[in-house]
2 protein chains.
Amino acid sequence: MENNSDNNSDKQTVSFSALDTLVGYKIRRAQLNYFNHFQATFAEDGVSPGQFGVLSIVAENPGLTQTAVAQALGNDRSAMVAVVDRFEKDGLIERRPVENDRRSYALYLTDAGTDYYASLYAKAREHEARFDAIMTPEEKGWLLDILQRLADVS
Amino acid sequence: MENNSDNNSDKQTVSFSALDTLVGYKIRRAQLNYFNHFQATFAEDGVSPGQFGVLSIVAENPGLTQTAVAQALGNDRSAMVAVVDRFEKDGLIERRPVENDRRSYALYLTDAGTDYYASLYAKAREHEARFDAIMTPEEKGWLLDILQRLADVS
DNA sequence: TATTGTTATACTCTATAACTATA
DNA sequence: TATAGTTATAGAGTATAACAATA
C-alpha cells in the first residue's frame with residue numbers, strides 16, 4: 001500500500017472546493033444517483049427513465065403525435081421511433097392514423113398499456129419515496145420549483 | 001396545419017402531472033440545460049464538464065494518481081486515460097512517476113496548466129452567475145445541500 | 001493474488017442528415 | 001416548400017473485460 005499522506009490519494013481528504021460550489025457538478029452527481037436507482041428499480045421491467053417519460057406523456061395526453069411527444073420531452077423526434085416501436089410491439093401503445101394528415105400517427109395507450117403504466121407509476125412513486133425521505137414536503141416543493149427555474153435559464 | 005384541439009398537440013397544453021412531481025425528471029431537465037450552457041461557454045476551449053472536473057481535482061489535489069482522481073469523480077479509471085493524454089499533450093498536466101510504486105503516475109498541473117485552469121475557473125464562475133441569478137444565496141446554499149443529500153441516497 | 005495504467009470493446013443516449021410520403 | 005415518420009449514422013459518455021507491469 002502506498003503512503004497516502006505523500007500523494008494525497010486518501011479519498012476522504014480530496015478537496016472539491018471549486019466543484020462543490022458549482023451547481024452543475026452537484027446536480028450531475030444527484031441525477032446520476034437518482035437514475036441509477038431508477039434503473040435498478042425498473043430493471044425487471046426493462047424501462048428506462050426516458051421510456052417511462054414517453055409512457056407518462058402519452059398516458060396523460062392521449063392522441064399526441066410522435067413529434068409532439070418528442071417536443072414535450074425536449075428530444076428529437078427520431079429518438080421516438082425505437083421507443084414507440086418497442087411499446088407497440090409489447091401491445092402497450094397504439095399508433096392510430098390521424099384524420100386529415102396521413103403523415104402523422106396519434107399515440108394512445110392500449111387497455112393493457114393503461115394498466116401497465118398505472119403499475120409503473122405506482123412503482124415510481126415507491127421509488128420516489130426513498131428520495132422524499134431526505135427532505136420535508138416543503139423542501140421538495142421548493143426543490144422542484146428551483147429545478148424548473150434552472151431548466152428555464154436561457 | 002392540423003387542428004390542435006383534436007389531437008392535443010399544442011405544446012403549451014401538454015400535461016406533465018406525473019413527471020412534474022418526480023425529482024428525477026426535473027433534475028434531468030435542469031442538468032441538461034446547465035450542461036448545454038456550459039458546453040456553449042467552453043466551446044472555444046474544447047473543455048467538457050467532465051474534463052473541467054478532472055482539471056479541478058488535480059489543481060486542488062496535486063499528486064493524486066489517475067485512479068484516485070477517477071474514484072473522487074465517481075468514474076472508472078479507464079476513462080481517465082484519454083483525458084489525461086489530451087491535457088498532457090497540451091502541456092497542462094504532468095504524469096510524474098510515484099516513488100515506491102512504479103505502476104502509478106501522480107498527476108500535477110504544469111505552470112501553464114495552473115494558469116489555464118485559473119482562467120477556466122474564472123470563466124466557470126461567470127457562467128455560474130447566470131444560474132445564481134435565479135435564486136438567492138440562501139437558496140443556492142440550500143440547493144447545494146439538498147443535491148448532496150440526493151447524491152448520497154443509498 | 002491484487003492493483004495501475006492501458007487498450008479494446010460495447011452499450012446507451014442523443015443529435016444530424018437524408019429519404020419518403022404527404023401537406 | 002414544409003412537415004411527419006423513418007433510417008442510417010456518428011459522437012459523447014460510460015462501463016466491462018482483459019492484458020502487462022508491478023506490488
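In the predicted model, an N or O atom in the side chain of Gln66(A) is placed 2.9 Å from a phosphate oxygen of DNA strand D. Helix H4 (66-73) and E2 of chain A, together with E2 of chain B, are the elements that give two or more residues to the surface near DNA strand D.

In total, 20 residues surround DNA strand D, the closest being Arg28(A), Gln66(A), Thr67(A), Arg103(A) and Arg102(B). By class, the surface near DNA strand D comprises two nonpolar, nine polar and nine charged residues. Sugar or phosphate contributes 65% of the atoms of DNA strand D within 4 Å of the protein, and bases supply the rest.

DNA strand C is surrounded by 19 residues, of which Ser78(A), Arg102(A), Arg28(B), Thr67(B) and Arg103(B) are the closest. Of the atoms of DNA strand C that come within 4 Å of the protein, 63% belong to sugar and phosphate. Contacts to bases of DNA strand C involve both chains: a polar side-chain atom of Ser78(A) lies 2.8 Å from a base oxygen, and an N or O atom in the side chain of Arg77(B) is 3.0 Å from a base nitrogen. A phosphate oxygen of DNA strand C is approached by Thr67(B), with a polar side-chain atom at 2.4 Å. Two or more residues each are given to the surface near DNA strand C by strand E2 (101-109) of chain A and by helix H4 (66-73) and strand E2 (101-109) of chain B. This surface consists of two nonpolar, eight polar and nine charged residues.

Between the protein chains, helix H7 (residues 137-152) of chain A packs against helix H2 (residues 23-41) of chain B at an angle of about 30°, with the axes 7 Å apart. H7(A) is therefore roughly parallel to H2(B), and their crossing is left-handed. From H7(A), the contact is formed by Lys140(A), Leu143(A), Leu144(A), Leu147(A), Gln148(A), Leu150(A), Ala151(A) and Asp152(A); H2(B) contributes Val23(B), Lys26(B), Ile27(B), Arg29(B), Ala30(B) and Asn33(B). Classified by residue type, the contact of H7(A) with H2(B) contains eight nonpolar, two polar and four charged residues.

Technical notes. Residues numbered from 1 in each chain as written. Chains lettered and ligands numbered in written order. Predicted model: local features only at pLDDT ≥ 70, side-chain atom pairs only at ≥ 80, totals over all residues. Heavy atoms only, no water. Axes fitted to C-alpha atoms, helices over the stretch in contact; angles between N-to-C directions. Helix = DSSP H or I, 4+ residues; strand = E, 2+ residues; numbered from the N terminus. Parallel < 35°, antiparallel > 145°, perpendicular 65-115°, else oblique. Left-handed = near helix turned anticlockwise from the far one by under 90°. Contact = heavy atoms within 4.5 Å. Nonpolar A, V, L, I, M, F, W, Y, C, P; charged D, E, K, R; others polar. Near = heavy atom within 4 Å. Polar contact = N/O pair within 3.5 Å; in protein donor to acceptor, adjacent residues only side chain to side chain.
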